[in-house]
Amino acid sequence: MHQPSFVERHLRVIFPLPAILFIGLLMIFPILYTLALSFTSWNLTSGAPLRFVGLRNYEQILTEPRFLDAVMRTFGFTIFAVLIEAVLGTVVALILNRAFIGKSLAKLLLLLPLVATPVAVGIVFNLFYDPTIGLANFALSSLGLPQGLWISNAASVIPSLIVVDVWQWTPMITLIVLAGLAGLSEEPFEAARVDGATQWQVLRYVTIPMVMPTILTAVILRLIDALKTFDIIFAMTGGGPGYASETLNIMGFKYSFEYFRMGQASVILIALFFFVLLCSLGIMKLRASSEN
Amino acid sequence: MIKKSIPQEILFYLAVVFISLVVLFPFLWMLSSSFKTQTDIIAWPPKLIFSPTLHNYEKVFGEQDFLKYFINSTVVGGLAVGLSLVLGLPAAYSISRFTQRKLALFILLARLMPGISFLMPWYIIFSRLGLMDTYVALVLSHMLIALPIVVWIMSSYFNSIPVELEESAMVDGATRQYAFWAIILPMSGPGIITSVTLSFIFSWNNFMFSQVLSMEKTRTLPIAVYNFVSYAEVDWGGVMAAAVAIMAPAILLTMIFQKFVVKGLTMGAVKG
């Protein structure tokens, strides 16, 4: 064997170094910058210089009803959307988990919502929800039910947005659970059948417990993404009517790029960051425990 | 396999058809509306039968500078994905061969953290540097989308390639970096296809970064479609044609590389 050169001896540092520097520069540094900004008062439009204000932004934002509503809304949206997606996604996966004619076509169809541009999806659902020409109201009226205002009404806007998220992301859970089911070994199923278990018992006591880790991982991945949902809400309602669909991400965006109150915006971004980080730590813990 | 009774089979296929219809419905409605005249779109009850027109597409492609935005989206996505491969492949190799788990998590953080918490500082920094509305700013931001995908997919792909391959080359006197370049990379086609397809689609679909960092010159398609809605609110036909145009490339890529896309989207979760 040859004498390893300097490069070769330090390959474990040299190879990942460019990627580490890139992420450090474009992610870690900006996050620290945001943190620093959160202690300052800085309005980009006023031209006034940046001023250190200590914890004043935190006091203002954390007690602001608009912020507290946005926090509750973000969690409400996330929890309901992901819960529905988890149940529906798993049920569909269990239905499709067998050989059948057209299976590969069915799997292709399931992929389509996942790769569809979210802004465009939002726009299509805007037409669907349009109170005067939309199909949603047409469906209601053909069933003899009173028509709704959907995303134009503060009470129904969040459920209507959840429907869009469920349509787009349930297939993600289905595909992940299907892949998980495909990787299970046959033995426990045969053993259960030999012992005379009914189909329902096999499902309840063998299949579901065995794919549970996969379902949980999929759910946490979805939780993290749902907390950050931006495109469909921004495209469909812009956070309205009023603030009725304003989540943390939308509120942070408005404070940053519409009001240009960078100090206060930073507090909102840090709050969102914090919630996402909590969920991410959850997934890492889960991953670590399943590896051991 | 357990024999299924005929009624059970019928029920099963009905369920499959129902699921497919729910998934397909918004696409079908978008597609059919894009071929409708304004009168047909606002007709009540909604029309299932109508005489199709290409008028909406002519308008979108003709008046809206769509080609320019299409090129912008392609250039930004292509450069971001290409540069992410340059940074990401060696990093993924290192993570795989030297089992650098902490490093993997560090790079994964870029995929998990909310984009807006970097976007706001980028906006300030890029404005100061005079980089707003340039490809540089957009490509850098989209690389933060593509790089974690590349690293994540490629490190587990490299895990599946036996170490003996480069070890035997190294016994013969090759350096490790040469073995990576000449032996491992040429075997990595499927992994690279998966990561390129997925990261390009996610860059293509990105709205938030481009909305803030691009203006007239570098505007990408999702922003153009969004703006088209805001000033042409009532022109549903044109909007739907624009929506079809923006989704078509991502859907086409998905159809061509179906197996790779499924693998890439599900692998992170199933491994655990």
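What percentage of the 292 residues in chain A is made up of buried residues? Buried residues account for 42% of them. The model is a predicted one, and every value below is computed from it.

**Overall form of chain A**

- Chain A contains 14 helices and two strands.
- The radius of gyration of chain A is 24 Å, whereas a compact globule of 292 residues would have one near 19 Å.
- The C-alpha trace of chain A extends over about 80 × 75 × 30 Å along its principal axes.
- Of the contacts in chain A with a separation of 6 or more, 69% are between residues 24 or more positions apart.

**Overall form of chain B**

- Chain B has 14 helices and zero strands, and its pattern along the sequence reads α-α-α-α-α-α-α-α-α-α-α-α-α-α.
- The principal axes of the C-alpha trace of chain B give spans of about 75 × 70 × 30 Å.
- In chain B, 48% of the 272 residues are buried.
- Residues at least 24 apart supply 79% of the contacts in chain B between residues at least 6 apart in sequence.

**Contact between chains A and B**

- The contact involves 79 residues of chain A and 73 residues of chain B.
- On the side of chain B that touches chain A, helix H1 (residues 6-34) of chain B provides the largest share, with eleven residues.
- That side of chain B comprises 59 nonpolar residues, 13 polar residues and one charged residue.
- Phe273(A), in helix H14 (residues 262-291) of chain A, touches Met113(B), Pro114(B) and Ser117(B), when residues up to four places away in sequence are not counted.
- Phe273(A) counts as buried because 22 other C-beta atoms lie within 10 Å, and the cut-off is 20 or more.
- Between the C-alpha atoms of Phe273(A) and Val13(A) the distance is 29 Å, with 260 residues separating them in sequence.

**Backbone features in the loops of chain A**

- The peptide bond between Gly240(A) and Pro241(A) is cis, with omega about -5 degrees.
- Pro241(A) belongs to the loop between helix H12 (231-236) and helix H13 (248-257) of chain A.
- Phe260(A), in the loop between H13 and H14 of chain A, is a residue other than glycine with a positive phi, near 55 degrees.
- Phe260(A) is partly exposed because it has 15 C-beta neighbours inside 10 Å, a count between the limits of 12 or fewer for exposed and 20 or more for buried.

- H4(B) is 32 residues in length and spans 45 Å from its first C-alpha to its last, close to the 46 Å expected at 1.5 Å a residue.
- At Gly88(B), H4(B) bends by about 35 degrees, and the proline Pro90(B) follows within four residues.
- Just after H4(B), Thr99(B) adopts a positive phi of about 35 degrees, although Thr99(B) is not a glycine.
- The loop that holds Thr99(B) lies between helix H4 (66-97) and helix H5 (101-112) of chain B.
- Thr99(B) has 13 other C-beta atoms within 10 Å and is therefore partly exposed.

Notes. Residues are numbered from 1 along each chain as its sequence is written. Chains are lettered from A and ligands numbered from 1 in the order in which they are written. This is a predicted model: local features need pLDDT of at least 70, side-chain atom pairs count only at pLDDT 80 or more; totals for chains, interfaces and linings use all residues. The radius of gyration is taken over C-alpha atoms; the globule rule is 2.2 Å times the number of residues to the power 0.38. Two residues are in contact if their C-beta atoms, placed from the backbone, lie within 7 Å. Ala, Val, Leu, Ile, Met, Phe, Trp, Tyr, Cys and Pro count as nonpolar, Asp, Glu, Lys and Arg as charged, and the others, Gly among them, as polar. The expected span of a helix is 1.5 Å times one less than its number of residues. The bend at a residue is the angle between axes fitted to the seven residues ending there and the seven starting there.
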